[in-house]
Amino acid sequence: MIWNDKKIAEWASSGGVTPFDKNLVNPASINLRLGNKIRFPQDYWFELERKKSITMKTPALELWGDEIEIGEQGIVIPAGWCVLCCGMEYITMPPDASGTLMSRSG
């Protein structure tokens, strides 16, 4: 079942989304905002990926570079790059629910 805005707001305001802003609720979704920190892949990530040698046991910090704070001017992510971002909100999904996270620019 897809939750409507009333169900989303009820879940989010009761601890599902922290901090909760009711203005981010849409008819069947909630907007989550990008935080101010980002990590780019380490230079050798692309070589590992090419060799298909990245596994579930590869420590994340070996793959991602240092945390970069995004300043007032913003940041440009090169086309085709995969980056690790943090969000402004922390969410807790109930065990009987699932969600889809989609990114958009603009």
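Colleague: Which strands do the buried residues of helix 1 pack against?
Modeller: They pack against strand 1 (17-18) and strand 5 (90-91). Keep in mind that this is a predicted model.

Colleague: Okay. Which residues of helix 1 are buried?
Modeller: Ile8, Trp11, Ala12 and Gly16 are buried there. They sit on the same side of helix 1, because they cover an arc of only 95 degrees around the axis.

Colleague: Why would residues three or four places apart point the same way?
Modeller: An α-helix has 3.6 residues a turn, so residues with that spacing point the same way.

Colleague: And what is exposed on the other side of helix 1?
Modeller: Lys6 and Ser14 are exposed there.

Colleague: What caps the N-terminal end of helix 1?
Modeller: Asparagine 4 does. One of its side-chain oxygens lies 3.1 Å from the backbone nitrogen of lysine 6.

Colleague: How far apart are the end C-alpha atoms of helix 1?
Modeller: Only 14 Å, for twelve residues (5-16). A straight helix would reach 16 Å at 1.5 Å a residue, and helix 1 falls short of that.

Colleague: New topic. Where is glycine 87?
Modeller: Glycine 87 is in strand 4, residues 84-87. Glycine 87 is partly exposed, with a relative accessible area of 45%.

Colleague: What is glycine 87 in contact with, leaving aside neighbours within four places in sequence?
Modeller: Arg33, Leu34 and Gly35.

Colleague: What about lysine 37: how far is its C-alpha atom from that of glycine 87?
Modeller: The two C-alpha atoms are separated by 8.4 Å. Along the chain, glycine 87 and lysine 37 are 50 residues apart.

Terms used. Residues numbered from 1 in each chain as written. Predicted model: local features only at pLDDT ≥ 70, side-chain atom pairs only at ≥ 80, totals over all residues. Heavy atoms only, no water. Helix = DSSP H or I, 4+ residues; strand = E, 2+ residues; numbered from the N terminus. Expected span 1.5 Å × (residues − 1). Buried < 20%, exposed > 50% of the residue type's maximum accessible area, 1.4 Å probe, protein only. Arc of directions from axis to C-beta. Contact = heavy atoms within 4.5 Å. Polar contact = N/O pair within 3.5 Å; in protein donor to acceptor, adjacent residues only side chain to side chain.
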